[in-house]
Amino acid sequence: MADTATTGTAAAAQTNEPLIRVEGLRKSFGSLEVLKGIDLSVNPGEVVTIIGASGSGKSTFLRCLNLLETPDAGHIWFHGQDLTAERCNINKLREDIGMVFQGFNLFNNMDVLDNCTLAPVTLKKMSKAEAEKIAMEHLASVGLEKFAHAAVGRLSGGQKQRVAIARALCMNPQIMLFDEPTSALDPEIVGEVLE
């Protein structure tokens, strides 16, 4: 499946195909229809912001893009591969889709560095030393290299969010999904996260 994803990447670059293309995406929870036929294309290097009221379906939409939520209808193509197809190896493709959650979703039983190296070592089969080198580079880029061995539970909200960003970057994703990364933070911490 990795070869298919790589081939899809090369094909997308050659044909100017969008990195992500969504057609007719629908999602309901019981009788409440949250996503009502969403269409969207995102090209490489493009930044797209989705704005809406609380409860309007922004998080549901993002969670559908990497199939953390299963759409009821529609299609999602990533590098030209339909994520909603039965034969799709979504776990392999998720390695290229970074996700930063509103609630951080860090592992509280691990320190900062271990949070950042777990996925690269487990999924990308990186050596621990290589994963730690990459993690330290990303932690430095978010200003947290001195906190590499800190317990996650001792970090502020802004620090946790920056660790979550560094952790997602450690997988070298092709696309990053941010689910309201600053919504629960103090105004001064919002600036840190956005920077």
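The side chain of Gln159 reaches the backbone nitrogen of Ser156 at 2.8 Å, a polar contact in the sense of a pair of N or O atoms within 3.5 Å, where within protein one atom must be able to donate a hydrogen and the other to accept it, and where residues adjacent in sequence count only if both atoms are side-chain atoms. This is a predicted model, in which local features need pLDDT of at least 70 and side-chain atom pairs count only at pLDDT 80 or more, while totals for chains, interfaces and linings use all residues. Residues are numbered from 1 along each chain as its sequence is written, and side-chain values use heavy atoms, with hydrogens and water left out.

**The chain as a whole**

- The protein chain has seven helices and six strands, where helices (H or I, at least four residues) and strands (E, at least two) are DSSP runs numbered from the N terminus.
- Read from the N terminus on, these elements follow the order α-β-β-α-β-β-α-β-α-α-α-β-α.
- Of the 195 residues, 42% count as buried, a word that here means under 20% relative accessible area, whereas exposed means over 50% and partly exposed lies in between (1.4 Å probe, protein chains only).
- Among the contacts in the protein chain with a separation of 6 or more, 63% are made by residues 24 or more positions apart, a contact being heavy atoms within 4.5 Å.
- The chain exposes about 10600 Å², of which carbon and sulfur atoms supply 51%; accessible areas come from the Shrake-Rupley method with a 1.4 Å probe, and for residues only the protein chains shown count as cover.

**Strands and their pairing**

- Strand E1 (residues 20–29) and strand E3 (residues 73–78) run antiparallel and are joined by five bridges, and two strands are said to pair if DSSP finds at least two bridges between them.
- Within this pairing, Val22 stands opposite Ile76 in E3.
- E3 also pairs with strand E4 (residues 81–82) in the antiparallel sense, over two bridges, and here Trp77 faces Asp82 in E4.
- Strands E5 and E6, by contrast, run parallel and are joined by four bridges, with Met99 standing opposite Leu177 in E6.
- In a regular strand the side chains alternate between the two faces of the sheet.

**Helix H2**

- Six of the eight residues of helix H2 (residues 58–65) are buried, so this helix is largely enclosed by the rest of the structure.
- The buried residues of H2 are Lys58, Thr60, Phe61, Leu62, Cys64 and Leu65, and what covers them includes E1, strand E2 (32–42), E3, strand E5 (97–100) and E6.
- After H2 comes Leu67, whose phi is positive, near 60 degrees.

**Helix H5**

- At 1.5 Å a residue, the 14 residues of helix H5 (residues 128–141) should span 20 Å, and its end C-alpha atoms are 20 Å apart, which agrees; the expected span is 1.5 Å times one less than the number of residues.
- Ala131, Ile134, Ala135 and Leu139 are buried in H5.
- Seen down the axis of H5, these buried residues fall within an arc of 140 degrees, so they line one face of the helix, the arc being that of the directions from the helix axis to the C-beta atoms.
- The face of H5 turned away from the buried side carries the exposed residues Ala129, Lys133 and Ser141.
- Helix H4 (112–122) and helix H6 (157–169) are among the elements that cover the buried residues of H5.
- Gly143, which follows H5, has a positive phi, near 75 degrees.

**Individual residues**

- Most residues other than glycine have a negative phi, and most peptide bonds are trans.
- Which value does phi take in His79, a residue other than glycine? Phi of His79 is positive, near 55 degrees, and His79 lies in the turn of the hairpin that E3 and E4 form with two residues between them.
- With a relative accessible area of 4%, His79 is buried.
- Asn172, in the loop between H6 and strand E6 (175–178), likewise has a positive phi, of about 50 degrees, although it is not a glycine.
- At 57% relative accessibility, Asn172 counts as exposed.
- Gln159 has its place in helix H6 and, at 15% relative accessibility, counts as buried.
- Leaving aside its neighbours within four places in sequence, Gln159 is in contact with Leu144 and Phe147.
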